[in-house]
Amino acid sequence: MQADKAMQTDKMIQSLAAQLQPVRPLHSPLLRALLWLAVVGSIAGLLIAHAVGLGIFLQRVAVARVAVETAATALTAITAVIAAFELSVPGRSPRWAVLPVLPFLTWLGASGLGCLANGLSLHGDAGFSGESPHCFAFITGVSVPLGLGLFWMLRRARPIAPLPVAALGTLGVAATAAFLLQFFHPFDVTVIDLALHLAAIALVVLVGTAWRRPLLAAA
Amino acid sequence: MRAAQSGDRAAYERLLREISPLIRALVRRHCSNRADIEEMVQDTLLTLHRVRHTYDPGRPFCPWLAAIAWRRSIDALRRRIRVSRHEIAEQGVYETFSDGAANNDLEGVHSAEEVEHLLQLLPPRQREALQALKLKQMTLAEASLASGQSVAALKVNTHRALKRLRALLEGRRR
């Protein structure tokens, strides 16, 4: 039995060598992550410049807490996407997975402070008036094309451990969508807003991780 | 490995032979059963083949290889724990008995056409796994190479295919 198995291994090595085709090594994960971020940043920049302009955004980030929240959201997106690309390749340190933790916690903390600034009101200055469902739809809707593009790039590595790759990738995508929302969301978040933002992010991460094997063509 | 990436078959075969003992030593940390160890070695070699384009020639080879071997060992261990918790080996489906009535499940399928018809009712990946492993008698490694499915996926799909065939046969009997 043991000898049979060893012979199978030997036969398999011959077979693998016989069907070997040349392959082009992947570019470095950091380079590919920066490429995705650059493409998304360019497209989003063009759309924002033409559709809404920077007026509202610049007015909002003049407030320190909002500036911190916005920067933390962007950093969460950048670090999560970089970590997903790094972990998609075998042999990279699992510590990459903790890279987005600090910006993510800062983002949550700053958003929470925004809620406190609103006195935990359910309505906020601008009133509830149906904005929260709009934000939920924005984050989930924008995450779909972003996620498809990201997974298309990540699947080239055929990750051997797809769970952290999918979880970090979808967190990056949802954070990117939440960052872009800042350009369309001209008021502080209420408790309802924050809850729905988190629900949208959780939904994106859950769906992405549930479909990780077909989406990432895991090896 | 750099030569293998550019298509040098002899270098690739030499590399795979040289690293097999190292992989064996790595997976032995997670498993003591010799047959299982060899299966993990094969699974690691297959995975290495699939992801060989992810090796960066500018970085050390051993951590890359060890990560693949470690992941495939963990997957195999998880699979074994899951199987031992939730599944019972069913030998009866492969056996025939002196009592004709006991063979109804198998003898009920009279012709190759009927078997083929039942196979067509299975999802493609389950059908592919069952045909390769049970009908063509391929090894897991050969079936994995032929189908592009991982060893783990082949095992799961074969199990599901047999379960589904059993249900289909029971449906026909009623």
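What follows is a chat about a predicted model with chains A and B.

Colleague: Hi! Let's start with chain B. What does its secondary structure come to?

Modeller: Hello! Chain B has nine helices and zero strands. Following the sequence, the pattern reads α-α-α-α-α-α-α-α-α.

Colleague: And what percentage of chain B counts as buried?

Modeller: Of its 174 residues, 29% are buried. As for contacts in chain B between residues at least 6 apart in sequence, 57% of them join residues at least 24 apart.

Colleague: New topic, then. Where is Pro159(A)?

Modeller: Pro159(A) sits in the loop between α6 (131-154) and α7 (162-181) of chain A.

Colleague: Is Pro159(A) buried or exposed, and why?

Modeller: Pro159(A) is buried, because 28 other C-beta atoms lie within 10 Å, and the cut-off for being buried is 20 or more.

Colleague: Which residues does Pro159(A) touch, leaving out those up to four places away in sequence?

Modeller: With those left out, Pro159(A) touches Ser88(A), Leu154(A), Val165(A), Leu216(A) and Ala218(A).

Colleague: And what separates the C-alpha atoms of Pro159(A) and Leu198(A)?

Modeller: Those two C-alpha atoms are separated by 27 Å, and the residues are 39 apart along the chain.

Colleague: OK, on to the largest nonpolar core. Which residues touch the most other members?

Modeller: That core has 83 residues, and Val81(A), Ala84(A) and Ala174(A) touch the most other members. Its largest share comes from α7(A), with 12 residues. Chain B takes part too: domain 1 (2-86) and domain 2 (92-173) of chain B each provide at least three residues of this core.

Colleague: What does Ala84(A) touch, again not counting residues up to four places away in sequence?

Modeller: On that basis, Ala84(A) touches Leu154(A), Val165(A), Leu168(A), Gly169(A) and Gly172(A).

Colleague: Great, thanks!

Note on methods: Residues are numbered from 1 along each chain as its sequence is written. Chains are lettered from A and ligands numbered from 1 in the order in which they are written. This is a predicted model: local features need pLDDT of at least 70, side-chain atom pairs count only at pLDDT 80 or more; totals for chains, interfaces and linings use all residues. Helices (H or I, at least four residues) and strands (E, at least two) are DSSP runs, numbered from the N terminus. A residue is buried if 20 or more other C-beta atoms lie within 10 Å of its own, exposed if 12 or fewer, and partly exposed in between; C-beta atoms are placed from the backbone. Two residues are in contact if their C-beta atoms, placed from the backbone, lie within 7 Å. A nonpolar core is a set of buried Ala, Val, Leu, Ile, Met, Phe, Trp, Tyr and Cys residues joined through C-beta atoms within 7 Å. Domain bounds come from an automatic or database domain assignment.
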